[in-house]
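I opened my notebook to look up two contact surfaces. My notes follow the order in which I checked them.

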Amino acid sequence: MNIGEFDKKYFSLAKGSITAAVHALKYLAVPYILFAFGLVALSNQDGPQRVADLLTEMQTLVLIFGIVLTVLGFFKGAYPKGSYSRFLFGITASVLVIVYVFSLLLGGRTEDVIAQEAFELDLYLIFVLFFFPALLAVLMQFGEFADHRRPFLEKDGRIAVKEKEDPEDHRFYHDFRLRYGSLFNGLKLARSTLIGFVVIPLIVIILMKAGFSSLNVEEVDSMMSNLDDISTYMVMLGVPMAALAFFKGFYPKGSVSRFVPAVAMVLVTLYWIWVLGLGGQFVFDSIEEISINLDFSKLLLLVMVGTALWIVYYVLELLLYRPEWKDAGFPKDLRTKESRKQRKLRKAEAMVAAEKKKAEEEKVASEVPQNPAEDVTTPVQESKEP
Amino acid sequence: MKLPLVATRLIIVAFKLMVAAIVVLSILPLLTGGIGLDLDGGNEGGMTLDDSTIRVEMPITVRNDGFFDINDLQVSFIFMNDDGDVLAESEGEKMDIPAGKETDVSIEIALDLLDLDRQVRSDLIFNGTEMMFDAKISAKYTLDMVQLSVEAGSDMGWGPFIRDLQVEEWNAYTTEEGDDRFVNVPFSFRADDFLNGLQTITVTEYRDENGYTSNVTQSVHLSPQVNEMAKIPLSQEAYDRLMNSTANATVRTTLYILDCSTYDEGDLNMGGGGGGGNGDPIYDLDLQWESASINSDGYDHYLIVSYSFRTYQIYQGQQAQVYLEYWDTQGIQGSVSEFVVMWDQVSNTYWIPLSQDAYDRVSYGDEQVGIRLNVYYQSYNGLDEQVFIEQWGV
């Protein structure tokens, strides 16, 4: 490890403060206030003491972990992307978040108190669901480091700036080269997809099942069975969607390699909606002698049409971004914030290059013979030559 | 981001918002009670018979304060036997309930009796039966994009629509019209209100042990209480056998309705005494001497006595003369006579005025007293007489 990357010359107080503020809000202020509200509500309603004790204990944990994560966030933000220093603080913070959440379970006491006061809820199962996106958050730190290491070193002047790729040599299937991909972007999108399509629906289902079980009514048995089936589908469809989301985020806008998984993801999402929407048929026949059948398939199809419009979006994205990506020499999409000045400069360079190319073409055209027939045939014959 | 992409995103968001708005506007009235049924409408539902179809109508008010019309609201019923076999189906008309309005609709159960097999139909009409049925209510909502159907199964008790068919053979009597002889046999039954006015056929058949048969066919209009008289012509020989109690005759009344029938029969015995078969209008004549008493205020004196009797149905509503007289060892001391209307159960109490002497005799003496009750109706004379000694003596 190069200890020099911890040097204060890389240190940005402003950037560190912003990240620290975000961490403080996320891991300290919001949870602390929520628990404080819980305690106030509890005291107003003369709630059970064991819940109050639990919330107080959690508040203490929030304070400890929140402050540590805020400090780690400060240092992470202060150092530039691609540096060992940022990577170290980033990965420490992301691992600590997992420990933070696990510690809130209080060795099973949280689950026990919820069971005593409301219903039996498998918090460890919910933690396992949380663990996978949290693990991806850890991997995102690796991804960010890998993506930004070269630009960091180039900027630092420690390695030579990489030359742009010649667009003429590029074929569409070359879009799938790994070197165009951003691990960070891929992991980030995969994580958000996993949360949106698997973790949150499964947590809702776990909560619903816990609630229904506490009713201890036979009539909900079939509904519980339906929820189990839906859970299975959520995992079976959600995991491939997260994988597709990885590739969609991994490859830059304007690439075929992004377009293909994006469209595939939309198609899987359509199926996901159809499954989650029970195929537009809700049948409730748990109550003896009464059966309720709700056919909302047309409404569901309308929702699916709305989702299918994303295909149009991705087609447009491919068509609109591809020339730009090609002109830029097929770079990685690192989503660095480009200043207005840099953007103008880049566009001006692109225009100059285009004009230069056009002038060269005109020059070549003026040198060819006047006979149009020869003009057509000769280059073809020449091109066949080895 | 490029403008076409922004535009596409906006279109997608707008589309999704539109769908979300549709969903919310559909669900909201259901949660806030904006859509509901009012079964307490002013119009009472009723059962009617239309040819062979029984229609039960239930007026309801459907309130649709939602944002979308309720279309194709339909109520249908499937009737089944205990084994689940479909006996009949009834499908209501489709109705539309516009948004923001209350609409009166009539839910109709229509059961065509001819759809049922004869045994089931007969049970339904004459004995009553339980039928399983599935009710299905279906409707479209949210611009016809949502279709709701609710099915509920239950048992339903039907009928009997015609009951208590009774041949009143004890009230039968004979008549002579010139050379023609008849036996008049009353019969009665009850019919459900909704069958009022429906015309049915009854056949009353007379049969004696000599193999003689005769019958009369009548057209009967149904009403809640039907009382009819079957006037069956008899030959002179059959008439004679009936009158001298050698006929051993039976009479059977069969009622036909909707290709089903039921009957009741009884034995006729016109020659002997007792019972209604001999033409007595009343029975259980009872002079209640045990509960009799005397009453005096020092000036007027009375004997208070009650009696009761029952009247055969055919004679009910007609007048009979009741004559009560009180006597002692000195002769008749008081009497009361009046006309009473013969109902099923007749019970009266009379105050018979007594002279001072008669009162004193019965109060202080050791007198034998008696009371005689006569009921006269045409040629009939019912009598009950009781005699006691010192009934009220000191």
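**Ground rules.** I am working with a predicted model, where local features need pLDDT of at least 70, side-chain atom pairs count only at pLDDT 80 or more, and totals for chains, interfaces and linings use all residues. Residues are numbered from 1 along each chain as its sequence is written, chains are lettered from A and ligands numbered from 1 in the order in which they are written, and side-chain values use heavy atoms, with hydrogens and water left out.

**Entry 1: domains of chain B.** I noted domain 1 (35-158), domain 2 (162-277) and domain 3 (282-389) in chain B. These bounds come from an automatic or database domain assignment. I then took the C-alpha centres of domain 1 and domain 2 of chain B, and they lie 42 Å apart.

**Entry 2: domain 1 against domain 2.** How many residues of domain 1 of chain B are in contact with domain 2 of chain B? I found 11, and they meet 11 residues of domain 2 of chain B. Contact here means heavy atoms within 4.5 Å. Next I looked up the buried area, which is the accessible area (1.4 Å probe) that two parts lose on being put together, summed over both. Between domain 1 and domain 2 of chain B it is about 1100 Å², with 73% from carbon and sulfur atoms. On the domain 1 side, Leu49(B), Ile125(B) and Phe126(B) lose the most area to domain 2 of chain B, together 55% of what that side buries.

**Entry 3: charges and elements there.** I recorded two salt bridges between domain 1 and domain 2 of chain B. The rule asks for a side-chain nitrogen of Lys or Arg within 4 Å of a carboxyl oxygen of Asp or Glu. I looked up Arg118(B) and Asp259(B), whose side chains form a salt bridge at 2.8 Å, N to O. On the domain 1 side that touches domain 2 of chain B, β2 (46-50) and α2 (118-127) of chain B each supply at least two residues. Helices (H or I, at least four residues) and strands (E, at least two) are DSSP runs, numbered from the N terminus. α2(B) gives the most to that side, with five residues.

Entry 4: I followed β2(B) to β3 (residues 53-64) of chain B: the two run antiparallel, joined by five bridges. Strands count as paired if DSSP finds at least two bridges between them. Asp50(B) stands opposite Thr53(B). The hairpin of β2(B) and β3(B) has two residues between the strands, and Asp51(B) in the turn has a positive phi of about 55°.

**Entry 5: chain B against chain A.** I counted 24 residues of chain B in contact with 25 residues of chain A. The two chains bury about 2200 Å² between them, 70% of it on carbon and sulfur atoms. Lys2(B), Leu5(B) and Met145(B) supply 25% of the area that chain B buries against chain A, more than any other three residues.

Which residue of chain A meets Lys2(B) in a salt bridge? I found Glu324(A), at 2.6 Å, N to O. The count between chain B and chain A is one salt bridge. On the chain B side, α1 (3-31) and β9 (146-158) each give two or more residues. α1(B) gives the most, with 11 residues.

Entry 6: I saw β9(B) pair with β2 (residues 290-295) of chain A, antiparallel, over six bridges. Leu148(B) in β9(B) stands opposite Leu294(A).
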